[in-house]
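Me: Got a model open here. Can you walk me through a few spots?

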Amino acid sequence: MNPVDTFNLDIRSLSTFIAVLDEGSVSRAAVRLGVSQSAVSHTLDRLRQALGDALFVKSGRGIVPTRYALQAGPHIRQILDDLHSLSSGPPFAPATAEFTFTIAANDYQRDLLLPGLLSVIRQEAPGIRLQVVPSGIPTADMLRKDLCDLIISPHAPEATDIMQRGLMADQMVVFYDPAIRQAPESLADYLKADHIAILFGTGEKTAFEGSLAAQGLTRRTAVTVSNFSGLPAFLQGTDMLATAPKRMSEDLLQQFAWTPLPFDYKPFTLLMLWHKRNQNDPAHRWIRNHVNGVAATINGLNT
């Protein structure tokens, strides 16, 4: 292999090879990598020259890997894994680690998951400081620009460089004070009632508000608060309604009754979001695993 061929075997080109091998398609690999199809095709041409093999050939309307590509795949994956390990720095030792880890989460996700995470951190990694900031409706730039290390939210930015993992499912329901009123019996009853709405302190409306508007539904908002924690004080002793996640009936809103929404609104999934540059960072992975563990414990208690 001459020097030019060796130069063609960089991390980006090997990652492109794996993407095409996994996806079985140049176009899908391009979407996964966040580049153009022509860029993927050009990289494959360089790899073919460097490795002396066609790598992928047409089959019907798609492509299939050659025998060489199939045999080289595991070796190339190992090379990439080894390189990622080098870039992630020394092994992570929780007991001696000292740094601040910032998680963006609104009060619902914060109160549901992060006290359990902090309990684990204090026991196993007392030098790690947890900082929690509001997420509002999160954007990819929050992670790209290191405004936070992790986001917990049901809203995933549409970006190829943002990784995600589902933590738990929930659904929106209607809360009310049973000492004052009964549950709304119909959509008309729901819409004519006075409501407590959420407008995040960061300025965004919830996805639920957007869904109402999309369905052409209008309700009367009597008061707007900046987070779910503001609901109990305004709801108690009134005939108002508050629409909030069902899991809040287990803590913040446990003194109130709830009923399903009188119209279709799909359940949602709480997601853990992070930038792909932190995918293999051992400290980051350690915290993600424990967030997932806290969520699994909560899910287990509710089954």
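Me: Start with Ser25. Buried or exposed?
Reply: Ser25 is buried, with a relative accessible area of 10%. Buried is under 20% relative accessible area, exposed over 50%, partly exposed in between (1.4 Å probe, protein chains only). This is a predicted model: local features need pLDDT of at least 70, side-chain atom pairs count only at pLDDT 80 or more, and totals for chains, interfaces and linings use all residues. Residues are numbered from 1 along each chain as its sequence is written, and side-chain values use heavy atoms, with hydrogens and water left out.

Me: What does Ser25 touch, leaving out residues up to four places away in sequence?
Reply: Val20 and Ile63. Contact means heavy atoms within 4.5 Å.

Me: How far is Phe56 from Ser25?
Reply: C-alpha to C-alpha, 9.6 Å in space, and 31 residues in sequence.

Me: New topic. How many aromatic pairs in the whole structure?
Reply: A search finds 8. One of them is Tyr190 with Phe263: the ring centres are 5.8 Å apart and the planes at 65°, so the pair is edge-to-face. Rings of Phe, Tyr and Trp (its six-membered ring) pair if their centres lie within 6.5 Å; planes under 30 degrees apart are stacked, over 60 edge-to-face, the rest tilted.

Me: Are Tyr190 and Phe263 buried or exposed?
Reply: Tyr190 is buried, and so is Phe263.

Me: Which residues make up the aromatic cluster with them?
Reply: Tyr190, Phe208, Phe263 and Tyr265 form one cluster.

Me: Last one. How far apart are the centres of domain 1 and domain 3?
Reply: 50 Å, taken over C-alpha atoms. Domain 1 is 6-88 and domain 3 is 172-266. The bounds come from an automatic or database domain assignment.
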